[in-house]
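Open your viewer and keep the selection tool ready. We will go stop by stop.

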Amino acid sequence: MSSSKARFDPAQASKFFTKHGHSGWLGLRYRAHGENWVELELPWREDLLGEEDRAVLASGPIVSLMDMASGMSIWTTKGDFTPIATLDLRVDYQRPAKECAAVIGRVECYRTTKSAAFVRGIAHDGDPDDPVAHVAGVFMTIDRDPRQGKVPMGQDAASSAGTGDE
Amino acid sequence: MSDTQSDPAVDLILPPYARALGISLHGLEGDMPVLTVGFSSVIEGRPGAFHGGATAGLLENAGYAALRTVLVREGRNPQLKPVNITVQYLAAGKQKQTYAVGRITRLGRRNANIAVEAWQDDRGRPIATAILNILMAERD
């Protein structure tokens, strides 16, 4: 909105993200961030089970958690809230999350180029040295159409979160 | 391959996570279950578009549904454990009904490799694809 843009602040931005849409529904919470990383938490929820008979979180919400933490780590690293779209996201599950445990996702953006951002991270349920999953992903930055200030059609791939181009 | 009266694809029971997202069975493509989800705030990421995680959730559930269908037809009932999922995002998920179906690329005794596609208006233009590796553990 304002012309003098403040540096992207994941703690502040989370207040919006965690109230709206899919992230809000999951109840994602901000935990911490550094120069190039963001840590979010997915609280335990009974209706997110992957199987009826085991109190273990489905893997889908973990993808959502890591996708969201990925996007925020990129904005944090770049310092601005440019539109990005997930191109490729891979999650390797080392073990199921503990029963009734919250899952913490920590993702770092280890490289940005003009058009891409590369992320990696872990999900754990209390002990970062014993991860539930590792994640690796590539995101594309979407150039704005200078005529409209909007995302051009065609490059508008599915994204983790609000890319905030309004 | 049996001419059973009940088709495992049709009798599919979706897990709590799928039902919470609003995913339901749409029908069959060949002999595989097609899952569907409508657009709602529950799956919204960027305003007016699917959240990448919700898209992955639909793909994952369609993959599991495909595998369960084949296993039931073979009379098997192992516990399924995800090894990994790789999702490719090809186009924005817009505010439309979205569908997904899985294909079993390889079914072994311990491992299954499944390819899943999700689409909206045009079956020939997927908005996202996924590959899942799932470990099958026999129940004691």
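Select B:Leu25 and B:Leu35. B:Leu35, in β2(B), is the bridge partner of B:Leu25. This is a predicted model, in which local features need pLDDT of at least 70, side-chain atom pairs count only at pLDDT 80 or more, and totals for chains, interfaces and linings use all residues. Residues are numbered from 1 along each chain as its sequence is written, while chains are lettered from A and ligands numbered from 1 in the order in which they are written.

Now select residues 24-29 and 32-37 of chain B. These are strands β1 and β2, paired in the antiparallel sense over five bridges. Two strands pair if DSSP finds at least two bridges between them. Helices (H or I, at least four residues) and strands (E, at least two) are DSSP runs, numbered from the N terminus. Click B:Leu28: opposite stands B:Pro33 in β2(B). Two residues lie between the strands of this hairpin, and B:Gly30 takes a positive phi near 65°.

Go back to B:Leu35. Which residue of β4(B) stands opposite B:Leu35? Select B:Ala100 to see the answer. β4 covers residues 98-107 of chain B, and β2(B) pairs with β4(B) in the antiparallel sense over four bridges.

Next, cross to chain A. Show β5(A) with β3(B), residues 79-89: they pair in the antiparallel sense over five bridges. Pick A:Asp92; its bridge partner in β3(B) is B:Asn84.

Widen the view to the whole contact. The contact takes 34 residues from chain A and 35 residues from chain B; residues are in contact if their C-beta atoms, placed from the backbone, lie within 7 Å. On the side of chain A that touches chain B, α2 (21-26), β3 (49-51), α3 (59-78) and β5 (84-93) of chain A each give two or more residues. β5(A) gives the largest share, nine residues.

Select α3(A). Is this helix enclosed or open? 19 of its 20 residues are buried, so α3(A) is largely enclosed by the rest of the structure. Buried means that 20 or more other C-beta atoms, placed from the backbone, lie within 10 Å of the residue's own. Step past the helix to A:Gly79, whose phi is positive, near 85°.

The mean for chain A is 84, and 83% of its residues reach 70 or more. Over residues 145-166 of chain A the pLDDT is below 50. Where pLDDT is low, the predicted coordinates should not be read in detail.

Technical notes. Contact = placed C-beta atoms within 7 Å. pLDDT = per-residue confidence, 0-100. Buried ≥ 20, exposed ≤ 12 C-beta atoms within 10 Å, placed from the backbone.
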